[in-house]
Amino acid sequence: MEGIAVRLRGLRKTFAETAAVDGVDLEVRDGEFFSMLGPSGSGKTTVLRLIAGFETPDAGRVELAGRDVTDRPPFERDVHTVFQDYALFPHMTVEQNVAYSLKIRKVPRAERLARAREALAGVRLDGYGGRRPDQLSGGQRQRVALARALVGRPRLLLLDEPLGALDLRLREQMQLELKAIQREVGITFVFVTHDQEEALTMSDRIAVFDRGRVEQVGAPAEIYERPATGFVASFVGASNLLRDETARRVLGVGGAHSVRPEKIRVLKESALPDETGCASATGTVAEVVYLGGATRFLVDLDAGGRLTALQQNLDATAEDVAAYRGARVRLTWHRRHAVQVPDAR
């Protein structure tokens with residue numbers, strides 16, 4: 001049976017009569033990369049602080065490795081937290097930064113230096129120990145902060161938007177590196193982010209938060225392909241919602257249905273779906289957005305409402321796709337890609 005690194009039960013925390021965390025139940029398995037994803041103010045960072053012990057819950061409990069730590073201070077929890085600003089000491093070398101927590105714990109000098117070098121090697125910074133933080137790139141400083149967290153060999157590592165200060169290219173590179181490091185060291189990571197692509201890229205499982213509650217927990221593919229609520233469908237990647245009369249006219253059934261833009265094909269109006277199990281709708285292209293590798297089509301449906309379709313530019317140029325503006329088209333998609341969701345309007 002898989003061990004449970006973190007178990008939260010009925011967790012609640014209010015600030016000025018506002019429920020930042022409102023009855024959260026979660027389990028994080030040993031050795032997994034678990035992300036808490038949601039917009040600002042959704043409660044994910046407060047949950048992280050409750051796990052770390054920086055906040056005390058108004059109700060509920062926090063268990064780490066089967067032990068109730070709800071009322072225990074941070075230093076009595078076998079966890080380490082990495083923040084967005086890294087908080088490296090500018091007057092210390094990289095090696096001294098990484099070894100600092102071991103020095104405070106009075107680990108013998110030879111052992112702490114050996115462990116600091118081992119931690120730096122683990123984040124691919126061999127040979128950087130003598131440098132100072134201002135001599136490093138943003139990605140290197142992020143890895144020093146990670147090495148400093150790992151040197152104490154915690155059972156659990158908490159990461160609060162640690163890539164948020166990096167530029168896009170470096171952020172994408174560090175997403176892959178961070179996941180690779182997590183696999184190598186085997187420590188449980190709990191990662192907070194508001195970036196859905198980041199969560200999908202890195203996570204074994206994701207918990208999607210909204211207004212202090214968990215909307216859905218699942219593997220990235222499950223969260224993306226089978227959103228449990230309208231909020232999840234709209235927040236995790238782009239999505240279309242077919243509702244009520246439009247859904248009845250297009251799909252033959254009412255309610256709310258999520259269809260991802262990349263699942264929709266854009267055809268000439270005269271074309272007929274050539275596959276069984278397909279739904280289709282006609283409409284007029286209101287706008288086209290050329291994205292380089294793909295084009296986004298905004299189509300006003302004859303059945304009411306608007307759908308967005310995303311189509312790869314395998315052969316098309318910017319001039320080709322611009323000609324679609326105002327054109328009559330038929331949109332088609334497999335019915336299995338229209339996922340019914342609760343309508344939270």
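Select phenylalanine 297 to begin: this residue is buried, with a relative accessible area of 1% (buried means under 20%, exposed over 50%, partly exposed in between, with a 1.4 Å probe and protein chains only). A quick note on the ground rules: this is a predicted model, where local features need pLDDT of at least 70 and side-chain atom pairs count only at pLDDT 80 or more, while totals for chains, interfaces and linings use all residues. Residues are numbered from 1 along each chain as its sequence is written, and side-chain values use heavy atoms, leaving out hydrogens and water.

Next stop: the aromatic pairs. Rings of Phe, Tyr and Trp (its six-membered ring) pair if their centres lie within 6.5 Å; planes under 30 degrees apart count as stacked, over 60 as edge-to-face and the rest as tilted. How many aromatic pairs does this rule give? The count is six.

For one of them, select phenylalanine 33 and phenylalanine 189: a tilted pair, 5.5 Å centre to centre with 50 degrees between the planes. Phenylalanine 33 sits in strand S3 (residues 33-37) and phenylalanine 189 in strand S8 (residues 188-193), so this pair ties together parts 156 residues apart in sequence. (Strands, E, at least two residues, and helices, H or I, at least four, are DSSP runs numbered from the N terminus.) Both phenylalanine 33 and phenylalanine 189 are buried.

Go back to phenylalanine 297 and tyrosine 324: their ring centres are 5.2 Å apart and their planes at 80 degrees, so the pair is edge-to-face.
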